Amino acid sequence: MRAARLIKMVLLLQSRPVMTAAELARELEVSERTVTRDAQALSEAGVPVYADRGRAGGYRLVGGYRTRLTGLARGEAEALFLSGVPGALREMGLADAASAARLKVSAALLPSLRDAPESAAQRFHLDAPAWFREPGTPAPLPVLAEAVWDDGRVLARYRRARDTVERRLEPYGLVLKAGVWYLCARVAGNGSFRTYRIDRFTAVDPLDERFDRDPEFDLPGFWAEQAERFARSILRAEVVVRLSPEGVRRLPHAVDPLAARTALAEPGAPDPAGRVTVTLPVESEEVAYEQLTALGPEAEVLAPAALRERFAADAARAAALYHRGDG
């Protein structure tokens, strides 16, 4: 424990020109008195740690000293590629590995590049959860993350409809979508790949078994295919809509992107006013009503008749409000 802390202290001092005892204590999560003792221990071991006294003083390395303890371990290197997603790293239990990796990289940088981590952090930030959603970490996530790294099988139980199902799974990858975690896994024994929403797992137990990954498996491609299949599965109804040129432009921003692409792929011939008639896949008439309301007069619902009548009634009510003359 102390040896790891001493190494971290050397790396911190190597990555910055000078650090106060308070700064080191905060980074190392110890007292300033412990920092003083550790600095003395390093000095006695031959590491040239120098203490500047006074209000502006602190600890620094002298003589251009550089440690060779900057090689990245496998876990640290892998975590480094995810270091732009601090919340996700923390939820997967990889925050310490990422922190150690960033520190080692900083220590290895030339002095002229020492401000690179801070410069990047002030320019890019990823906030993964969706708006109006309370972020939460599914309890099985750290176990699944470890299984993904180690190619280890797990025994998982998850809620499905009204019952609980148990499966031996081979975890291939994790996906964070709009604040919700998903597991892409192969079912042990039958070789089929499936996607599971992690917050629906009731228990996940690691097994003392390893599996051989399919070298042809492509996580981004698999997820894109699954996401499109899911989107198509919920678009069970159709609405016929006449769109103005502005309505065509705004449609992808008002409805599901896949539905918009499908509708605009084969539009009808434009009328003299430039309006086109499209068939729009929708989840339901109620969802279509909520989505197409955002287009206002740029969209005219032609079918089904009940939905057209609903929009006509809304238009009449709006017209009455604006023609009362009491505003």
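Predicted model: local features only at pLDDT ≥ 70, side-chain atom pairs only at ≥ 80, totals over all residues.

Guide: Residues are numbered from 1 along each chain as its sequence is written, and side-chain values use heavy atoms, with hydrogens and water left out.

Visitor: How many helices and strands are there in the protein?
Guide: Helices (H or I, at least four residues) and strands (E, at least two) are DSSP runs, numbered from the N terminus. On that basis the protein has 13 helices and ten strands.

Visitor: What share of the 327 residues is buried?
Guide: Buried means under 20% relative accessible area, exposed over 50%, and partly exposed in between (1.4 Å probe, protein chains only). Of the 327 residues in the protein, the buried share is 33%.

Visitor: Which strands stand at the edges of the open sheet of five strands, and why?
Guide: The order of this sheet is 6-5-4-3-7, with antiparallel pairing; two strands pair if DSSP finds at least two bridges between them. An edge strand has a single partner, so one side of it is left without a neighbour in the sheet, and this holds for strand 6 (193-197) and strand 7 (201-210).

Visitor: Which residue of strand 6 is the bridge partner of Cys184?
Guide: Strand 5 (residues 180-187) pairs with strand 6 in the antiparallel sense over five bridges. The two strands form a hairpin with five residues between them, and Gly189 in the turn has a positive phi of about 105°. Ala185 is bridged to Arg194, while the partner of Cys184 is Thr195.

Visitor: At what angle to strand 4 does helix 8 run?
Guide: Helix 8 (residues 141-150) lies across strand 3, strand 4 (163-177), strand 5 and strand 7. Axes are lines fitted to C-alpha atoms, for helices over the stretch in contact (heavy atoms within 4.5 Å). Angles run from 0 to 180 degrees between N-to-C directions, and the angle of helix 8 to strand 4 is about 70°.

Visitor: Which backbone oxygen does the side chain of Arg153 reach?
Guide: Arg153 is found in strand 3 (residues 152-160) and counts as buried because its relative accessibility is 19%. Beyond four places in sequence, its contacts include Ala188, Leu207 and Phe211. Its side chain reaches, at 3.3 Å, the backbone oxygen of Arg210.

Visitor: Is Asp151 buried or exposed?
Guide: Asp151 is found in the loop between helix 8 and strand 3. Leaving aside neighbours within four places in sequence, Asp151 is in contact with Glu209, Arg210, Phe211 and Arg213. Because its relative accessible area is 18%, Asp151 is buried.

Visitor: Which elements give two or more residues to the lining of the second largest pocket?
Guide: The second largest pocket has a volume of about 750 Å³. Of the 19 residues that line this pocket, those closest to its centre are Tyr182, Thr195, Arg197, Trp223 and Phe230. The elements that give two or more residues to the lining are strand 3, strand 5, strand 6 and helix 9 (219-234). On a 1 Å grid over the protein atoms alone, a pocket is an open set of points where a 1.4 Å probe fits, with protein on both sides within 12 Å along at least five of seven lines; lining residues have an atom within 4 Å of a point, and a volume is the space filled by probe spheres set on the points, which are joined across faces, edges and corners.

Key
Polar contact = N/O pair within 3.5 Å; in protein donor to acceptor, adjacent residues only side chain to side chain.
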